[in-house]
Amino acid sequence: MNSLFQIIARHRVLASTAFLAIFPFIMPYEALAINILIFGLFAMGFNLLFGYMGLLSFGHAAFLGIGSYFTGIAIVHYGVPWAAAILIGIVGAAIGGLMMGFLAIRTRGIYFSMVTLALGQIVYYIFYKAESFTGGENGLRGVRVDTFNIFGIPVDFLNPLVKYYIILFFVVIAIWLISRILNSPLGAVMEAIRENEKRAAACGFDVAKTKLLVFVLSAAICGLAGSLRALHLSIVPIDSLHYLQSGQAVMMSILGGMGTFFGPFIGAAVMLYLEDVVTTFTKHWMAVVGLVFMFFVLFFPKGIWGTILSRLHIGRGSK
Amino acid sequence: MNSATTTPILEARNVSKSFGKFKALQNISTSFMPGTLTAIIGPNGAGKSTFFNVLSGAFPPSSGQILFNGKDITGLQQHEFARTGISKSFQITNVFKQLTVHENVRVAAQMETARYNFIRNAQSYAEPIDLADQLLRRVNLEHLRNKKTGDLAHGQQRALEIAMALACNPNLLLLDEPTAGMSPEETLVMMDLIKTLANERTVILVEHKMKLIMGLCKRIIVLHHGEFLAEGTPEEIQNNAEVRRVYLGQG
């Protein structure tokens with residue numbers, strides 16, 4: 001058991017790819033699997049900033065939303081091919097991250113959270129008001145991707161399983177990138193800043209610049225999640241930008257284990273699966289999810305994956 | 001004497017620092033020559049730590065100048081101080097507790113080679129890894145290489161801080177009460193380490209315990225109530241009537 005988890009922790013990209021390849025067959029239906037895939041990525045991108053660098057942003061819905069809307073607008077209004085539209089979504093979110101990060105990283109702690117929340121709300125308002133582009137309250141409809149060819153092979157994007165694997169392709173690239181970031185010199189600096197900002201600065205690291213860089217990387221990954229969501233839903237609902245989405249990223253990260261690689265993804269899977277199961281019994285699914293969340297915060301503060309790792313003594317200082 | 005040895009490595013010119021109405025430092029001017037070991041002492045509240053923070057770049061002075069090798073560095077940020085070659089250790093231990101011992105030093109050592117690279121594997125940078133191992137041997141922590149830093153004893157964390165401060169290969173090393181909270185045995189080891197460090201580079205150290213530094217350095221600066229009180233050899237300081245009154249007299 002222990003060695004299995006150690007192998008998973010060591011070959012994390014391979015392990016997650018293998019698991020996600022069979023994931024839709026474990027789930028009750030493909031749309032739920034896709035949803036988990038997208039929100040898992042969203043939470044992982046958020047965790048880069050929150051879990052690994054210790055900055056609690058309450059504005060990350062902005063990047064999910066910008067990713068969705070930019071991709072959607074590119075397809076609906078400009079007829080851009082879907083793959084290029086994804087890129088536009090990522091770049092848009094990264095630019096949004098640069099702007100929000102530039103304003104927010106000057107603040108610390110609760111003020112950082114409040115500033116990001118406020119800026120996130122501004123983004124919500126802008127997209128809400130730009131009705132001719134975004135559809136306002138009704139959302140942006142008609143983000144249609146049907147059949148397309150990859151190297152001459154026709155691919156049916158309307159087939160849920162095919163759609164899952166197309167989206168998985170992008171998610172795996174992002175997971176690989178996140179793993180690279182964490183193993184890189186910057187990954188170590190990020191954690192150093194989380195642990196002790198003063199010391200990191202005394203070592204010669206420009207704390208503000210590093211924070212901004214990670215903020216942008218995190219925003220770009222969350223933007224990709226948003227882009228994929230637009231393709232998945234073929235509509236961009238205005239709730240993509242709602243601060244509840246930001247809160248969801250926080251909850252998923254904590255539930256699964258903040259500052260762990262798989263934690264946020266597991267948190268996303270548990271929350272969305274619970275939501276799906278509980279809504280068949282009662283519309284008050286949020287109460288049930290809330291109780292589960294509270295249970296974990298009180299008794300397993302390291303989250304699901306974090307608790308497994310520490311019980312098995314996997315991680316730093318035991319290799 | 002050539003000019004290289006006559007330019008002080010660090011110079012404070014008329015440095016003052018106020019916090020609101022409180023004047024923590026008043027008009028202090030002094031300089032430190034390359035290759036020397038100097039101690040800054042004074043009773044509690046003398047302004048030692050404020051002076052240390054100004055010299056090491058934690059915050060700028062309210063007025064006055066700091067010069068490094070003759071160049072004005074007043075107002076530069078903390079990380080810019082580190083990059084010009086001024087490294088420091090803190091009075092209260094500041095290490096990266098969730099990281100391993102080796103990672104702590106490696107992060108500090110990679111400052112020159114890789115600050116923002118987020119794609120290459122950190123394990124592929126041999127230089128910072130080797131330097132970190134070398135420094136851990138130097139402070140006798142190599143056997144704890146892969147331990148989580150938060151699990152280390154206090155004295156070991158202090159030694160780790162020295163290794164981290166050395167990792168950017170500084171020309172000037174500033175140490176704020178390096179033996180604070182250490183056992184007598186640990187203190188002796190630390191003092192020996194500081195002695196050998198002082199053979200390689202300029203060291204300025206702030207210390208509360210006067211006895212410790214008497215045998216260690218040739219020059220002592222005494223602060224009192226934020227003002228410059230005296231400077232001289234350990235003997236001169238011990239025999240200085242005013243120093244005895246404000247400092248030694250307290251027992």
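**Reading the chains**

Tutor: Chain B holds an open sheet of 6 strands in the order β6-β7-β8-β3-β9-β10, with mixed pairing. Helices (H or I, at least four residues) and strands (E, at least two) are DSSP runs numbered from the N terminus, and two strands pair if DSSP finds at least two bridges between them. This is a predicted model, in which local features need pLDDT of at least 70 and side-chain atom pairs count only at pLDDT 80 or more, while totals for chains, interfaces and linings use all residues. Residues are numbered from 1 along each chain as its sequence is written, and chains are lettered from A and ligands numbered from 1 in the order in which they are written.

Student: How many bridges join β3 to β9 in chain B?

Tutor: Strand β3 (residues 37-41) and strand β9 (residues 219-224) of chain B run parallel and are joined by 4 bridges. B:Ile40 has B:Ile221 of β9(B) opposite.

Student: Which helices lie on this sheet?

Tutor: Helix α2 (residues 48-56) of chain B lies across β3, β6, β7 (172-176), β8 (202-206) and β9 of chain B, at about 155 degrees to β7(B). Helix α6 (residues 154-166) of chain B also packs on the sheet, where it touches β6 and β7 of chain B and makes about 170 degrees with the direction of β6(B). Contact between two residues requires that their C-beta atoms, placed from the backbone, lie within 7 Å.

Student: What is the order of the strands in the sheet of 4 strands?

Tutor: That open sheet of chain B has the order β2-β1-β4-β5, with antiparallel pairing. Its edge strands are β2 (22-32) and β5 (71-72) of chain B. Strand β1 (residues 10-19) of chain B is joined to β2(B) by 7 bridges and to β4(B) by 5 bridges. β1(B) and β2(B) form a hairpin with 2 residues between them, and B:Gly20 in the turn has a positive phi of about 65 degrees. B:Phe19 has B:Phe22 as its bridge partner in β2(B), while B:Ser16 has B:Ser63 in β4(B). Strand β4 (residues 63-68) of chain B is joined to β5(B) by 2 bridges, and B:Phe68 stands opposite B:Lys71 there.

Student: Why is chain B said to be as compact as a globular protein of its length?

Tutor: The secondary structure of chain B comes to 10 helices and 10 strands. Its radius of gyration is 19 Å, close to the 18 Å that the globule rule gives for 251 residues, so chain B is as compact as a globular protein of that length. The radius is taken over C-alpha atoms, and the rule is 2.2 Å times the number of residues to the power 0.38.

Student: How many residues bring chains A and B into contact?

Tutor: On chain B 34 residues are in contact with 26 residues of chain A. Helices α3 (78-84) and α4 (101-109) of chain B each supply at least two residues of that side of chain B. The residues on this side divide into 15 nonpolar, 9 polar and 10 charged. Ala, Val, Leu, Ile, Met, Phe, Trp, Tyr, Cys and Pro count as nonpolar, Asp, Glu, Lys and Arg as charged, and the others, Gly among them, as polar.

Student: Is helix α9 of chain A mostly covered or uncovered?

Tutor: A residue is buried if 20 or more other C-beta atoms lie within 10 Å of its own, exposed if 12 or fewer, and partly exposed in between, with C-beta atoms placed from the backbone. Helix α9 (residues 185-195) of chain A is mostly covered, as 11 of its 11 residues are buried. The cover includes α8 (160-183), α10 (197-202) and α11 (207-233) of chain A, together with α4 of chain B.

How values were computed
Axes fitted to C-alpha atoms, helices over the stretch in contact; angles between N-to-C directions.
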